[in-house]
Each structure stands twice: as structure tokens, then as C-alpha cells.
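Look at the model below with charges and strands in mind. We start with a charged side chain and end with a strand.

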Amino acid sequence: MKNYETEAAWEYHGGTKHPNGILLNRLHTYHPANRPYPYKKYRNARQIMLSLDRHPTGISALDAISDSVRQYKGIIPDVNLLSRILYFSGGITKTIKFSPPLGEVEFRAASCTGALYHIEMYIVCSDVPGLEAGVYHFDPKNMSLSVLRKGDYRRVIADATADDSSMSRYAVTLVFTDVFSRNAVKYQAREYRHAFWDCGTMLANSLAMASAHRVPYKITMGFVDYQVNQLLGLDEKKEASLALLSLGNPVQYSAGPLPLDKIAESEALEYDFDLTAINDMHESSSLTSRQEVSAWRNQADQKVLHTDKKENSLASHAGADEGIEQTIISRGSTRKFSHDSISQEQLSTILATSTKGIVSDFENVTINDVYLIANAVDGVEKGAYFYNKKESLLKVLQKGEMRHVAGHLGLDQSLPFDASVAIFFMADLQKVLQQFGNRGYRVAQMDASIMAGRMYLASYALRIGATGLTFYDDEVTDFFSPHASNKSAMFMLAIGKKARKT
Ligand SMILES: Cc1cc2nc3c(=O)[nH]c(=O)nc-3n(C[C@H](O)[C@H](O)[C@H](O)COP(=O)(O)O)c2cc1C
């Protein structure tokens, strides 16, 4: 089985490291004038306009993010609830005019590397109030759905997930897909990491919204790739399904198996870019049969990696926070941090809220550990730390002023130098790949990104700024060693107070 030939993941990971990964061409340039159009269009498909109810649920952002509103109601999401989840995960939340050649940029609910918006969302559902059973593509530009297939196709999802007993329980599955070249055009082969980074930040929003509405959910990363891709009519060399998010209570299938014929076609995705390294990594981490998916899921249940299921509620919330909708609307990556401190309570609230478990097919394992550099946190000495999630404790690794280190590790940008805290999510890839094969690489990136997406939101809930960052891979490991000597950085995030505009 190709999935367990893990040299592929090592080669991809090593080859896409900053600064010298051999799969990255140092002379590659990207000009904003060449920014790909960030929306997928289905011109020949019937469109259903969605109306958006922006009313707040009244649920605090921190409660929604930490999924502590878990008394799920018996809910079949209706079209209005689906619109809200789609909008607050992938909708347009603000438009900013830049000088030419960039011009007007529509920013979305979740952060995204380079604002290239390469993640698309699809719906596969039974009949739900206001929406007939079918397969749909979400168009955030027009707040509409394109009808791709009519009928109840959830059996395809159940089959692709090897009848994960829980999958057929759900009325709706959202499928998150990646259009490779839309991001690779700037970031080259490192795009395949970005796919999970940018999908993870969206998923963090989706989970918070599902939680605010008390809708049961589950994330699934183990599925037969080609079956799901075929259901959505994806061109597998150019795009791929990354994750499934199932929502709502059980609904019986309304029909027998339906044929996978005729599907509305999208406009061509033509950005001329060599995707070989991405295609290789994707194929090597693909699962090709039900049997393989079942075996993979059993691995995930084996708890070889240490487990971490602390469900305690937070000791203290740091101050009143905003509602979840307002938090998502006000989120935006901070472009300049002041050197002002945040408080220890704020930091501990952000860390604890964001590292609660998620309901997923990899929920029994803790994949990423959290390390950080504290530049300016009242009550926490400057230095490098390991965050013990179970105990909500910071373990000192090294004390001292480290702004220069934080700035350097974040690709020599001023953002992590100026911020109060630089946070790193790190995974023991040796163990992860041994247990999950190449597919584990996808899971490790996604696990980190969902936590980071939650941290983004938790920071804004407390009116603090945040931004995702990219990093010098090996130098992050070296810096946190020996504690992190077997671990690889999966995601970096800086948190701090925004600088006032002068
Ligand atoms: C994983 C990740 C890495 C990022 N890396 C950087 C970075 O290295 N430097 C930077 O200035 N912004 C970085 N960003 C911020 C994006 O540029 C920003 O999310 C995008 O422009 C969309 O804007 P918004 O987050 O304000 O909605 C990163 C974002 C993410 C999610």
C-alpha cells in the first residue's frame, strides 16, 4: 500500500522546507498582477441564491470555539443554518482597495496564505428544510449554491468512508477541496502544506458555528479519495478533496444508490504551473479502497500516540468576549503589532480554549504539541516554553529576551518580532507517519491548523490581534531542542496587540 511507503512524505516535507528545500525554486517570483481569480464558477449549473441571517446566536465566541456548548440538539440543519455555516467559514467579510495592480481584494471569514483563497466548499445532503437532496458547490462571491447533482448521494460518502457508522447518521456533509494551482502559483510545492493550513482555519470557524447552533459534527480525514473527488466532479490532477465535515442528526436515505453520471462542469482551472511535487504527495497519501480506509481508521483508534482528553472547562475566562459571529467578522490578520504586553489570563485563555479536542476520525490521538516564545506577557517571564495542554501549564525551556529569535524563525519578518507571543505547533512526524502513513502528514497539518484557527478566533474574541506565519523549519526544531528534537513545525502563529495607526 502506497500510503505506508512514507519516504514520499519525508521527501515532500524535506523538499518544501524553508530556506533550501529542493522542491522550491529560489528564483521563483510571483507578481500580484497574476493573482488567480479566487472563485470557482459553474456557469451551466442552476443557481440557488442563499439568504443570510446575520443575527447573533448570543453564544460567546470562547464557548463556541472550545466547543463547550456540547449539549447537541436534535437538529437537521436547514438551508438557513447551512448558509450561516458556509458564510462564516468561507464567505466574504470585507473588501479592501489596494493600489494597482492588485486593486480590490475580497477577504474571507478565515485567514488564508497570500489571500489566494484556494479552498472550495461543497455540500452533499439529504432533503433538509429548504434544500432538496443533492450535491452543491458554494459560491461565496454571489452567496449562492450551484446544483451539481440532484438526489441523495450520501451513500457515496458512506461508502468512501468505509461505512464509518457515524457518517450515515448525518444529514449533511460539507466537503472542503483544494484548487492546487491557485496557491502554488505563489508558493510553489509548499502549497500542499497551505492546503491544510487554509482548510484548517476555515474548519475552525465551521466548528465554532456548528457548536454555537448545537449541531453535532464530525471531521473525517480517512476516505477513498477518488470516490469523493468523482462525486464532486473534480479534476484530480488539479484539485482534491481534503476533509469532510458532517453535520446534523440522522436522516434515512431517500433513494437507493444513484448513478454517478452527468455533472455540471466548472470553468477550466487554467493557471500554468508544474504541480508534479504536489500531485506526487497527494497520490502517495491517497486511500484507494474501503478496506484501506477501514484499516487506516483502526490505526487511528489504537492510541499509539499519547492521548489527551481533558475536557475541563477553563479556570477563568480573561474578560468578557464578543459573540462568535462578531468575532469572525472582526478577525483579520494583524499587519503590525505594538510591543505592548498581553496578560497571562489572556494567553492562558487563548491556549486552553483552542486546544480542546475535536470530534474527528483522529480524535484519540494528540498529534501536535504547542511551543511558544513569550516576548511580552504580563506575569510570564520572557523566554521559550512548552505548553502542557493537560495541565494548562507552561514549562520553561529557556529564559531571556528572544524577540530576535521569534522574528528570525518567522522568516525574518517583523510580525513575530513585534508580537507578544510566537506560537509553534509541532508534530513527531516519525510517529505520525508510522501510525497513519503518508495520510498522517495531511492529518498533522490539519490538526495544527484547526488549533491555530481557533487561536486566531480566541485572540479576536479578546480583542487581541493574531496572524499566521511561515517559518524556517529546521531552525524551529533546533531552537526548541532537545525538548522538540524529534518534532517538525506544522504551523506558526503570532499573537499580540495591534499597533495604533499613526
Ligand atoms: C498559515 C498562514 C500563514 C501565513 N503567513 C504569513 C506570513 O508569513 N506573513 C504575513 O504577512 N502574513 C501571513 N499570513 C496572513 C495572510 O496573508 C492573511 O491571512 C491573508 O492575507 C488574508 O487576510 P486576513 O487573514 O486578514 O483575512 C498567513 C496566514 C496563514 C493562514
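Is R442 buried or exposed? R442 is buried, because its relative accessible area is 0%. Buried means under 20% relative accessible area, exposed means over 50%, and partly exposed lies in between (1.4 Å probe, protein chains only).

First, the basis. This is a predicted model, in which local features need pLDDT of at least 70, side-chain atom pairs count only at pLDDT 80 or more, and totals for chains, interfaces and linings use all residues. Residues are numbered from 1 along each chain as its sequence is written, and side-chain values use heavy atoms, with hydrogens and water left out.

Now the partner of R442. The side chains of R442 and D225 meet in a salt bridge (3.0 Å, N to O). R442 sits in helix 15 (residues 439–461) and D225 in helix 7 (residues 225–232), so the link spans distant parts of the chain, 217 residues apart. D225 also counts as buried, because its relative accessibility is 2%. A salt bridge here is a side-chain nitrogen of Lys or Arg within 4 Å of a carboxyl oxygen of Asp or Glu. Helices (H or I, at least four residues) and strands (E, at least two) are DSSP runs, numbered from the N terminus.

The structure holds 20 salt bridges. One of them joins K40 and E239 at 2.7 Å, N to O. K40 lies in the loop between helix 1 (7–15) and strand 1 (47–49), and E239 lies in strand 9 (residues 239–247), so the pair ties together parts that are 199 residues apart in sequence. Both K40 and E239 are buried. R190 and D473 meet in another salt bridge (3.1 Å, N to O). R190 is in the loop between helix 5 (180–187) and helix 6 (191–212) and D473 is in helix 16 (residues 473–480), so this pair ties together parts 283 residues apart in sequence. Both R190 and D473 are buried. K41, R43 and E267 are linked in a network of salt bridges.

Turn to strand 15 (residues 421–427). Seven of its seven residues are buried. V421, I423, F425 and A427 point one way, while A422, F424 and M426 point the other way. Strand 15 pairs with strand 11 (residues 368–374) in the antiparallel sense over seven bridges. Pairing requires at least two DSSP bridges between the strands. In strand 11, I373 stands opposite A422. Seven bridges also join strand 15 to strand 17 (residues 488–496), again antiparallel. There F425 stands opposite F491.
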